[in-house]
Amino acid sequence: MNAPAAPETRSEDRPARLTVGVVGAGRVGPALAAALRLAGHRPVAVSAVSDASRRRAADLLPDVPVVEPARVLALADLVLLTVPDDALPGLVEGLADTGAVRPGQLIVHSSGRYGARVLDPARRAGALPLALHPAMTFTGTAVDVQRLAGCSFGVTAPDELRLAAEALVIEMGGEPEWVAEEARPLYHAALALGANHLVTLVAQSMELLHKAGVAAPDRMLGPLLGAALDNALRSGDAALTGPVARGDAGTVAAHVAELRKHAPGTVAGYLAMARTTADRALAHGLLKPELAEDLLGVLAADSTAAADGPQGDDR
């Protein structure tokens, strides 16, 4: 007797295969579209203006035609609006005003700053608005698609579209994290504070090590920063180490003196981070109050000198 046939998956239980368009071929849009292609969706159009954006589109979305934004919307079921934050509201209004938005069309933006409300002009035209922000830094190359695996996405959407939004994130390999509309600016500020400022700090640190005669600053910093990041993610403020957390006022004063001599443009940032580190170390019992007074005195004196003294060429 033949074994019973396996039950077929009902069409309504399978994710719909969508045609995908990208408006704005910066570093993010082509990578998201490429990830959706791996999940079975079909990129059909991309808009790109600069030579760099055209190259990114060609590399990550080969054979996908480059067309005007209105044409992207005409061809795609799902449209990724991946433009700079400040350009997003005007773009949405313009597309809606010109009648480019179609009822039932999924309009997705990748801005961290905005939630779904910025897409209201498209929603009034019948579109389905989703805010899907990947918490990842992008290079504009194929490595970005790989990095989406396990990447958290800040998701904001109307309640009735929440499952659809989360499903798209999962299909791209990401992990959906719901962010309320009103919390989006704070959410984005938190990510920028950690990721963007980290790049600045690391770049400055490598420059200073090079000036100190270190031949391979990246090799020296790699293990140290990797351990510091891992400890911070695991333990938060308890991971603080170094002269500020210890209250070594003399060492901090020596640091500032050297920075003024060799890299005056780094002094303001060093002082600001040192003061913040001291406050957090003191609040969490890592910095002894009797040592904090001298340390904060050094930082206050150096801060006044930075404000009153001549500015270096790095300003």
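**Close-up views of a predicted model**

**View 1. Packing of helix H11 against helix H12.** Helix H11 (residues 249-262) packs against helix H12 (residues 267-283) at an angle of about 160 degrees, and their axes are 9 Å apart. Because an angle over 145 degrees counts as roughly antiparallel, H11 is roughly antiparallel to H12. The two helices, H11 and H12, form a right-handed crossing. From H11, the contact draws on Val252, His255, Val256, Leu259 and Arg260, while H12 supplies Val267, Tyr270 and Leu271. Sorted by class, the residues in the contact of H11 with H12 are six nonpolar, one polar and one charged. The model shown here, as in the views below, is predicted.

**View 2. Crossing of helix H8 and helix H9.** Helix H8 (residues 184-211) and helix H9 (residues 217-235) have axes that come within 9 Å and cross at roughly 130 degrees. H8 and H9 are therefore oblique to each other. Their crossing, that of H8 and H9, is right-handed. On the H8 side, the contact is made by Val202, Ser205, Met206, Leu209 and His210; on the H9 side, by Pro217, Asp218, Met220, Leu221 and Leu225. Seven nonpolar, two polar and one charged residues make up the contact of H8 with H9.

**View 3. Arg162 and the ring of Trp178.** In this view, the charged end of Arg162 is placed over the ring of Trp178. The distance from the charged end of Arg162 to the centre of the Trp178 ring is 4.1 Å. As for aromatic pairs, with ring centres required to lie within 6.5 Å, the count is zero.

Note on methods
Residues numbered from 1 in each chain as written. Predicted model: local features only at pLDDT ≥ 70, side-chain atom pairs only at ≥ 80, totals over all residues. Heavy atoms only, no water. Phe/Tyr/Trp six-rings, centres within 6.5 Å; stacked < 30°, edge-to-face > 60°. Lys NZ or Arg CZ within 6 Å of the ring centre and 35° of its normal. Axes fitted to C-alpha atoms, helices over the stretch in contact; angles between N-to-C directions. Helix = DSSP H or I, 4+ residues; strand = E, 2+ residues; numbered from the N terminus. Parallel < 35°, antiparallel > 145°, perpendicular 65-115°, else oblique. Left-handed = near helix turned anticlockwise from the far one by under 90°. Contact = heavy atoms within 4.5 Å. Nonpolar A, V, L, I, M, F, W, Y, C, P; charged D, E, K, R; others polar.
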